[in-house]
Amino acid sequence: MGSMDIRDLRARVENINALPTIPGVLKRLLGVIENPGVSLNEISNFISNDPALTTKVLKMVNSPIYGFPGRISSVNQAVILLGLNVVKGLLLGVSVFELMQKTMIGLWEHSLGCAIAARLIAEKKGLKEPEEASIDGLLHDIGKVLLILQFPEEYEEAMRDADIGNLSIYGAERAHFGTTHASVGSWMAQKWRFPQKLVDVIEYHHKPHLSKNAPVESAIVHLADILVRARGFGFAGDHTLMAVNPESWQMLDLSEADLRDILGALEESLEMTEELSL
């Protein structure tokens with residue numbers, strides 16, 4: 001597998017919606033979000049025409065992941081509050097929920113935990129749109145789902161190697177595929193026309209110091225990933241814990257009191273999130 005041409009691998013991943021295992025709603029959604037001219041109204045109608053999707057979206061926007069003070073009772077209200085890019089990311093997140101549950105047990109919980117932690121860190125740093133950090137956290141590992149869907153046996157081998165050798169799944173993926181979930185996720189984020197900042201966060205959440213377009217956001221998700229792994233919430237494909245990148249740590253410049261606040265709020269939100277079943 002390691003000798004597979006990266007261009008062939010990328011072509012197969014980018015053609016993911018041709019797989020028979022992709023749910024119909026996700027196929028239709030990918031068609032919508034790949035349209036460069038899609039409007040908020042079209043997105044809103046797409047959600048409203050699917051009662052199950054409507055329920056999932058409203059559950060998510062009223063959960064601790066977003067932290068809106070009042071209850072959001074309609075899709076239109078959610079779409080207006082969150083904006084096009086956040087709604088696109090949220091839709092993708094809830095649409096891959098079942099796939100995450102089936103492909104890697106614990107990955108959905110890990111992603112939710114990262115979404116909350118990223119928002120809390122973004123709020124502490126005074127970012128203007130902390131809900132965008134939630135989407136960064138929710139989707140940072142989307143490449144794992146894509147690799148598992150297209151190469152299930154090979155990915156299982158990579159996870160087994162990571163487990164036996166006490167390796168990171170990131171390293172095991174590179175050995176098996178010649179690339180990682182970070183790059184695979186960023187290819188698709190580009191194809192789905194997500195903002196360049198989100199593409200960067202997905203690509204560089206393991207190496208945030210290399211991000212040119214979103215160094216702060218990449219550092220936030222990098223730290224959120226480590227905090228959630230250290231807390232033992234969910235499962236991200238291995239049992240290792242990477243060190244915090246020193247440059248990113250310096251950039252975030254969080255005090256001990258900041259960290260205590262973030263960890264306290266994270267713990268409270270995680271308890272509430274355990275009850276969040278889509």
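A residue is called buried when its relative accessible area is under 20%, exposed when it is over 50%, and partly exposed in between, using a 1.4 Å probe on protein chains only. The views below show a predicted model, in which local features need pLDDT of at least 70 and side-chain atom pairs count only at pLDDT 80 or more, while totals for chains, interfaces and linings use all residues. Residues are numbered from 1 along each chain as its sequence is written, and side-chain values use heavy atoms, with hydrogens and water left out.

**View 1. Arg229 in helix H15 (residues 215-231).** Helices (H or I, at least four residues) are DSSP runs, numbered from the N terminus. Arg229 counts as buried because its relative accessibility is 17%. Its side chain reaches the backbone oxygen of Thr240 at 3.1 Å. Beyond neighbours within four places in sequence, Arg229 is in contact (heavy atoms within 4.5 Å) with residues including His110, Lys144, Ile169 and Asp238.

**View 2. Ser186 in helix H13 (residues 181-191).** Ser186 counts as buried, because its relative accessibility is 1%. A polar contact of 2.7 Å joins the side chains of Ser186 and Glu203. Such a contact is a pair of N or O atoms within 3.5 Å; within protein, one must be able to donate a hydrogen and the other to accept it, and residues adjacent in sequence count only if both atoms are side-chain atoms. Not counting residues up to four places away in sequence, Ser186 also touches Val199 and Ile202.

**View 3. The largest nonpolar core, with 90 residues.** A nonpolar core is a set of buried Ala, Val, Leu, Ile, Met, Phe, Trp, Tyr and Cys residues joined through side-chain atoms within 4.5 Å. Ile47, Leu90, Leu92 and Trp192 have the most contacts inside this core. Helix H8 (residues 107-124) gives the most to the core, with 11 residues. Leaving aside neighbours within four places in sequence, the contacts of Leu90 include Val57, Met60 and Ile135.

**View 4. Helix H8 and the residue Gly126.** Of the 18 residues of H8, 15 are buried, so the helix is largely enclosed by the rest of the structure. Just after H8, Gly126 takes a positive phi of about 75°.

Technical notes
Helix = DSSP H or I, 4+ residues; strand = E, 2+ residues; numbered from the N terminus.
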